[in-house]
Amino acid sequence: MKTIALVGQPNSGKSTLFNALTGYRAVTSNYPGTTVEAMEARTSLDGEKVRLVDTPGIYSLSDATIEERVTKKILLETKPDVIIDLLDATSLEKGLYFTLQLLEASLPVVNALNFVEEARKRGIEVAADQLAALLGIPVFAINPIRKTGIDQLVHEALTAATWHGFTVTYDDHIEQAIEMVEGSLADDLPFSKRFFALRILEGDEDLTSYLQDQHVLEQVATKIPEHPNLRHDIAINRHGVAAYIARLATAFTKREERLGWRERLDQILLNPRWGMVVTISFLVTMFAGLLFLGGLVQDFLSSFTEGFIFPWIQHVSMGMPGYMGMVLESAVVGTSAGVAIAIPYVFLFYLFLGLLEDFGVLPRFILILDRMLRHLNLSGQAIIPMLLGMGCTVPATTATRILESRADRMKVIALLTVIPCSSRTAIILGVVGHFAGILPALGIYMIALLLMIGIGLLFKRSSFSPSPLLLELPPYRLPVLRGVILKSWLRMREFVYVVIPLLIIGGASYGLLKWFGLEGVLFDPLRFITVGWLHLPKEAITPLVYGFLQKDLVLAMLSSVFGTTNLSSVMTPIQLFTFGMASTFQVPCVVAFGMIAKELGWRWAIMLTIMALATGLVLSGLVLRIILLCGG
């Protein structure tokens with residue numbers, strides 16, 4: 001079975017081509033030791049079974065970012081039979097730098113030229129045949145959405161012989177350095193000696209272990225003093241060749257001077273004042289849409305579980321002996337409720353996020369929010385883990401590794417305790433918003449924002465001046481709905497594969513506790529928190545405790561302890577609001593706690609967990625009393 005690897009710069013259309021080739025069947029996994037996703041699928045192309053790997057979007061085969069290191073590792077370990085390198089016709093020079101590195105590695109490469117129609121609208125004409133002649137490899141203009149050019153691309157990739165592509169020739173001194181390093185390399189390398197020599201000269205620490213003589217770089221520095229910064233000089237040379245090839249293969253036509261809707265939208269979104277207004281307004285609208293649409297689905301699923309599943313399981317459990325009936329009933333009730341409340345909001349959240357990504361507006365929102373974070377002395381790079389934190393706190397915690405200082409990492413991880421992840425969003429919208437109203441739900445988000453500001457100011461003196469945010473703004477493109485739905489499913493299927501079994505175990509364990517009379521023994525000593533301080537029903541302590549293990553268990557245990565999915569029948573709006581606050585403002589789950597310990601140490605993880613839990617409970621009780629004093 002042949003292996004085909006898809007590579008290319010971010011926003012070059014790799015995922016769209018991958019989905020067009022695989023029919024939206026893929027396995028997505030985090031590459032070992034990272035949070036970077038790689039997609040893989042086994043499919044049939046041109047009558048032949050192949051393994052297709054979609055690598056992270058990168059600009060070069062260096063080791064500057066996690067994505068670059070992962071892509072390099074994938075190519076080293078999978079040793080693909082052919083590489084399909086996607087080039088964006090609207091920014092050809094930028095993509096050709098990466099292509100030249102692939103050719104230096106003597107890898108079998110076929111170029112796919114994407115966004116040709118969009119480039120033509122901008123007055124850019126790229127001649128695929130001329131580009132192929134310059135590079136010495138096949139180049140095909142494609143459109144993955146319309147599926148044009150794909151058959152020819154796949155056929156050439158699977159049937160043609162190995163091509164001898166263009167190789168960059170550097171000046172005499174650099175070529176001498178390359179020869180010196182090549183002489184210190186073994187013969188059995190996964191890539192060409194020339195590629196390894198170039199990468200080692202460019203400072204790639206991942207490949208220096210292949211050197212048989214570890215002193216060869218010192219010898220290079222001594223014998224070739226003309227290039228004290230070889231990494232810089234090699235990159236300049238390669239960029240110059242990429243620019244020259246792009247210029248030869250590109251013709252520019254006259255473009256209309258009038259502004260299109262994309263330019264006008266950028267004038268609004270990138271404006272410091274209006275951009276902030278639009279960003280905040282859109283986020284509020286998005287969460288209002290989540291509440292409305294999620295509520296419709298939640299009502300349908302809750303009605304189904306209340307009307308059919310609950311009566312049926314009660315009937316079945318009555319005919320079962322002893323504790324088995326209690327365990328089965330608790331497990332099914334908890335799981336049904338967790339799914340009915342969580343799935344609508346989690347899936348819709350990822351659906352909206354995917355639409356923003358594919359349309360190209362998400363990076364612009366990030367740029368606007370970066371200006372706000374700078375007032376808290378936060379690095380622009382902090383936006384990335386904070387955005388991930390709205391999905392799941394665990395990968396967000398790992399993503400803080402991109403921050404330069406430990407102080408910034410500590411600050412962002414502390415912020416993640418008050419940034420609602422998708423599970424906590426399901427509690428805010430599915431419990432508070434659905435049963436108490438939109439204003440209490442928005443109130444929790446406002447309190448979360450105030451806590452973020454407070455944490456940022458608290459840590460402000462302990463961190464250095466923030467580094468600038470370097471962010472590419474992709475062009476606006478209409479999302480492919482089928483692709484967005486697939487992306488949403490891939491992101492939330494952890495809920496289906498991991499959380500649903502936890503819901504079953506959580507519900508079953510609660511049934512056992514009730515049967516053996518241990519519920520009171522374990523939870524009664526803690527009910528002073530819920531009954532005395534938070535003015536909640538005594539049963540509410542159980543879902544709060546289970547929530548520390550996994551926030552999705554909160555939804556299941558609420559229905560298990562109260563015996564209904566209609567929570568407005570057992571708690572008042574103020575109680576629902578208070579419960580939502582107490583569930584939201586803490587370390588979200590035991591897995592997140594373990595990840596914080598791994599990143600910052602057990603001492604700091606324990607201290608942060610205790611502080612977050614205490615702050616959440618104290619704040620919830622204080623806000624409750626303020627509401628009651630105001631006549632709420």
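A: Helix 10 covers residues 230-249, 20 residues in total. From its first C-alpha to its last, helix 10 reaches 29 Å, close to the 28 Å expected at 1.5 Å a residue (the expected span is 1.5 Å times one less than the number of residues). Helices here are DSSP runs of H or I with at least four residues, strands are E runs of at least two, and both are numbered from the N terminus. This is a predicted model, where local features need pLDDT of at least 70, side-chain atom pairs count only at pLDDT 80 or more, and totals for chains, interfaces and linings use all residues. Residues are numbered from 1 along each chain as its sequence is written, and side-chain values use heavy atoms, with hydrogens and water left out.

The buried residues of helix 10 are L230, I234, A235, R238, V241, A242, A243, I245, A246 and A249. Buried means under 20% relative accessible area, exposed means over 50%, and partly exposed lies in between, with a 1.4 Å probe and protein chains only.

Now to strand 6, residues 109-114. Six of its six residues are buried, so strand 6 is largely enclosed by the rest of the structure. V109, N111 and L113 point one way from the strand. V110, A112 and N114 point the other way. In a regular strand the side chains alternate between the two faces of the sheet.

Which strands pair with strand 6? Strand 5, residues 82-88, pairs with strand 6 in the parallel sense over six bridges (two strands pair if DSSP finds at least two bridges between them). Here L86 stands opposite A112 in strand 6. The chain crosses from strand 5 to strand 6 through helix 3, residues 92-104. This β-α-β crossover is right-handed: with the strands pointing away from the viewer, the path from the first strand over the helix to the second runs clockwise.

Strand 8, residues 139-141, also pairs with strand 6 in the parallel sense, over three bridges. In this pairing, L113 stands opposite A141 in strand 8.

One more residue: D552. D552 sits in helix 24, which covers residues 552-562. Is D552 buried or exposed? D552 is buried, with a relative accessible area of 2%. F516 lies 36 residues from D552 along the chain. The C-alpha atoms of D552 and F516 are separated by 25 Å.
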